[in-house]
Amino acid sequence: MSIRNLDSLFEPTSIAVIGASLRLGSVGATVWHNLSAGNYQGTLYAVNPKYHVLGAHPVLARASDLPSVPALAVICTPPATVPALIKELAELGTRAAVVMTAGMDQRQKLAMLKAAQGHLLRILGPNCMGLLAPHKGLNASFAHIDARPGELAFVSQSGALVTAMLDWAQGRGIGFSHFVSLGEHADVDFGDMLDYLASDAKTRAILLYAESIESAAKFMSAARAAARNKPVIVVKAGRSPQGQRAATSHCGAMAGSDMVFDAAFARAGMLRVDTLQELFLAAQMLSRFRNNSSDAITILTNGGGAGVMAADAAARADVKLSELSAATRQALDAVLPPNWSHGNPIDIIGDAPVLRYEQALKILHADPTTGAVLFIHAPTAIVPSADIARALVPLAQHPQGTAPRLMSCWLGDQAVAQARQLFQDAGVANFDTPEQAVSAFSMLVRYRHNQAELTEAPPALLADRRPDTASIRALVQTALASGREQLTELEAKAVLSACHIPVVPTLRAAATPEAAAVAAQRIGFPVVLKILSDDISHKSDVGGVVLDLPNEVELREAAQAMLERVRREQPKAQVQGFTVQAMVRKAHAQELIVGSTIDSVFGPVILFGQGGTAVEILADRAVALPPLNLPLARALVSRTRVARLLAGWRDSPAVDQAALHGVLLAVSQLLAEIPEIAELDINPLLVNFEGAMALDARIRLSASAPAGASHFAIRPYPAQLEETLQWQGRNLTLRPIRPEDEALHMAFLQQLDPEDVRMRVFYSKRTMERSELARLVQIDYAREMAFVALADGPDGQPQTLGVVRAITDPDNVEAEFGVIVNSGLKGGGLGLLLMNKMIAYLRTQGTQRLVATVLDCNERMLKLARELGFEEETRGQPGDGTRDIFLSLT
């Protein structure tokens, strides 16, 4: 389930507190007090067989005694009573419950869920602190204070953290649209909350505190949908091994690798921060400064020390300082004293009058290359800080449709309080310290990078890089049939070769040094000798690798010594022999690692980093969720320290990035096609300016691994839905829309007749902002589909002829659709073709109904709907000029 009946949870017309009490310190007493003494305007009921009245409120013994069905029940009773209470409430018609009860065992939780399931009763908890919806005056929690109304939603797995956060926010005047404690999230989870809050008009940003995530695909789909609409900022506890163990113990769920969480949050377009303070810092930055697209800052200050502190913070955060152009320097020279800093940071000197601040800021605003401007002011006796703020507020304003450029930091307390408030009231992002401001800006840069990853929708398979899956499957099946999970080095390299990844020539030798010498003669010296054993995965750990053997004598000696070492180090290992490969020397080469594994939460993941025998000590690596495309492969590489070496330095040229990215894409495709691959290591992958070559590889198989494209946390572009057919004498392609269709889609919209647009979206608009257009072509295939019809135009280039789009609700019950075709092609059957494809697709997805609202005057659409079997129903206001239509898909 997802958002079904969550309105009963957050906007209930009536509430029953089961276990309401007067016993001091009890949960039932605290919840009842918070609800009855608060601003909730709905009907309240108390249920407890031990009482007859609570203050002026009568108390009923059982839920079935209530005079009407409560929309929401808050349960504060012992664990054993909960399943029966949920069953009773569900049968009455209650559609949501907050279960605050702690200590429920697994059997009790399953019984509770079973009782709720058939009636679609939604459960928050158990073992939760409750919820607050300040705009509704609702405090269904045992928190010690209420929350102020505001625009931030906070959702937490930790109840204790909820109360601490409330206290912290209260002291800083921070308000909330929703405040939710998930507890053990047996039913309502992060995915549900993200879906609900994404469309909530009162919520401007969503803040999460997470310890674990179970339903990764559901979470990623909801997170990606929410992050397209508003900032989603998350604190994920458990970065350290100790923290991960604590999170596991706390939540009763496996905490996935922290690196994988980083990758997942980035791919979903969210921002991860490390502390609760950073959570609010990021929320302020993204709500006030989100549209700024600068990657660099210019520091403007009246104090050299403050500027140096900001510059140092920028260096630590890897934030670039803008280079001042010659024209800007010249303009500043004309208004600043001769002893100004003549660079960035710009120190306008402590004796600056108001006019100097104004002139300097105007000059910086006139030069777009200065990027974002961080204004830092330390109070002086020369001029009151409030006077400076009043003069600069008009310059801080930005015209409608333009991005803000000014951040501020008023150093001090009482002396700058009025100035700080003036900037705050003007909507300027304001920070207490230079370090805080720079940290917030770095978060913004990272957020934009994550938003760029959100827009990528790669296919599972790339047409020009398809692996030889037949040979790979034959090899995999042979190994599994023989009872082996570990492929030999030769088999692993054969898999890589079938994926078009270059591998070093390798020969298998018999179990004797003499046979190894014969193999070496065939390859040519110098060679590398390796032990061959199904029982030895990391050969270097047991001395099973010898490099650069120049001749037959040394090879025989090395082989004999290797056998003796292995027998001593791993006496139980079955040794099949040796492998011999050419000794590869590449000028200016880097040793890298590319691999994959199956994360316990997010499924298959891809790893990249610095390789070699010290790979675990160097710990320079990053991970990404498949499928990858070229932009995502580049982003993965960029998140490592070795990326700087790969770009070249001094006399070492840059490596062949295309070859490196090709390996990453090939591994992504391999994981999509061969679900039996549980682990893969290419280490080392040797890369230089000439290309890439795998020197060693290991692959572990599993017949039952949750792998393959169907287990990717992000649904790939569904290339299997593409089809080509003949239509009116033209080759017509019907396929899902892709992010790269942006230009085609804009051209399609621009040539539409305004009246056709009005029929589709009820207003005559043929142009749109790029952000709007991006949302149309960058879709989440897990919950939305758009099929485009394409054909070559007179110039031989493809053009969009029509599009049909359907967006399902989070429960996949209904999908709302819209269809529009080229204005010159109406009546030719293209709309029918697109609709039939969408209807067939939705049926395969299990969607139950297809619905739309159509203008009364849109006779063509109404005629098409009748041909397809749609029926009319009443949803909106009668006489509003529209008709609601639906088609049952079951």
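Over residues 762-766 of this predicted model, the pLDDT stays under 50, and the model has 18 contacts for this stretch beyond four places in sequence. The chain as a whole averages a pLDDT of 89, with 94% of the residues scoring at least 70. A further stretch, residues 243-256, likewise has a pLDDT below 50, and beyond near neighbours in sequence the model gives it 26 contacts. Where pLDDT is low, the predicted coordinates should not be read in detail.

With regard to overall dimensions, the radius of gyration of the chain is 32 Å, which agrees with the value near 29 Å that would apply to a compact globule of 890 residues. The C-alpha trace extends over about 100 × 80 × 70 Å when taken along its principal axes. Secondary structure in the chain amounts to 29 helices and 38 strands. Of the contacts between residues at least 6 apart in sequence, 71% join residues that are at least 24 apart, and 54% of the 890 residues count as buried.

Technical notes. Residues are numbered from 1 along each chain as its sequence is written. This is a predicted model: local features need pLDDT of at least 70, side-chain atom pairs count only at pLDDT 80 or more; totals for chains, interfaces and linings use all residues. Side-chain values use heavy atoms; hydrogens and water are left out. pLDDT is the predictor's confidence in each residue, from 0 to 100. Contact means heavy atoms within 4.5 Å. Helices (H or I, at least four residues) and strands (E, at least two) are DSSP runs, numbered from the N terminus. The radius of gyration is taken over C-alpha atoms; the globule rule is 2.2 Å times the number of residues to the power 0.38. Buried means under 20% relative accessible area, exposed over 50%, partly exposed in between (1.4 Å probe, protein chains only).
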